[in-house]
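User: I'd like to walk through this one feature by feature. Could you give me the general idea each time, then the case here?

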Amino acid sequence: MSKKYKVYKSFISKEDCDLLNEWVLENKIKFSEGRMKGMRLTSRYSFDIEFPKKAYEIRDEIIKKLNFTNYSFPPYKDGMVSSFAAPGDTCYLHKDPVWETGTTTIHCNILLSDSEGGEPLIENDKLDLKKGDLWMYPVSEVKHGADLVKGEIPRTLWIFGFCFHPFNSPLN
Ligand SMILES: [Fe+2]
């Protein structure tokens, strides 16, 4: 049976988090509403944006460190999404689409800010994460959402999407 999620603590450095977080804060004006019944902005529907080089370097690192092979990218810009959730945001439980028949959509998300609350909810689990942590989960298979973002600091994250056939899924 495949796992519901895997967490890799401190996957990226504080400096890399800060760089990506600042990019999100500067570019969120080009994002659109997340359609998740909350107060989040997402690059999911934006294609006229240029992601920072660092994001591609981190994606290469994920692919290398987690031994990804035979994957394709979901149809977001370069398979990535950046997300901005202001305090007060929540995300209702949902599943993401399957983008290619026979595959599972897997997201590797990295938390970029020291926000309070906003914990990822994956089926019945609530993940306790810190800035720089990566969590990988099959978004087309498990119900997921996020708890209420509290405090003052927006919750920003970077999403690296992949489509995997079951035979080589990194969650096997
Ligand atoms: Fe989702």
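User: Let's start with Leu112: is Leu112 buried or exposed?

Analyst: A quick word on the source: this is a predicted model, where local features need pLDDT of at least 70, side-chain atom pairs count only at pLDDT 80 or more, and totals for chains, interfaces and linings use all residues. Residues are numbered from 1 along each chain as its sequence is written. As for burial, a residue is buried if 20 or more other C-beta atoms lie within 10 Å of its own, exposed if 12 or fewer, and partly exposed in between, with C-beta atoms placed from the backbone. Leu112 has 27 other C-beta atoms within 10 Å, so Leu112 is buried.

User: Where is Leu112 found, and what is Leu112 in contact with?

Analyst: Helices (H or I, at least four residues) and strands (E, at least two) are DSSP runs, numbered from the N terminus. On that scheme, Leu112 is in the loop between β7 (104-111) and β8 (116-117). Contact means that the C-beta atoms of two residues, placed from the backbone, lie within 7 Å. Setting aside neighbours within four places in sequence, Leu112 is in contact with Cys17, Leu20, Asn21, Val24, Lys131, Thr156, Leu157 and Trp158.

User: Which residues have a positive phi?

Analyst: Most residues other than glycine have a negative phi. Among those with a positive phi here, Asn70 sits at about 50° and Asp78 is near 55°. Asn67, which follows α2, also has a positive phi, near 55°. Asn70 is in the loop between α2 and β4 (71-72), and counts as exposed because it has 11 C-beta neighbours inside 10 Å. Asp78 belongs to the loop between β4 and β5 (80-85); with 16 other C-beta atoms within 10 Å, Asp78 is partly exposed.

User: What span should helix α2 have?

Analyst: The expected span of a helix is 1.5 Å times one less than its number of residues. Helix α2 (residues 53-65) has 13 residues and should span 18 Å; its end C-alpha atoms are 19 Å apart, which agrees.

User: In what order do the strands of the open sheet run?

Analyst: Strands of a sheet pair through backbone hydrogen bonds, either parallel or antiparallel. Two strands count as paired if DSSP finds at least two bridges between them. Here four strands form an open sheet, ordered β6-β12-β9-β10, with antiparallel pairing. β6 (91-94) and β10 (125-126) are the edge strands, each pairing on one side only. Inside the sheet, three bridges join β9 (residues 120-122) to β12 (residues 144-146), and Leu121 stands opposite Gly145 in β12.
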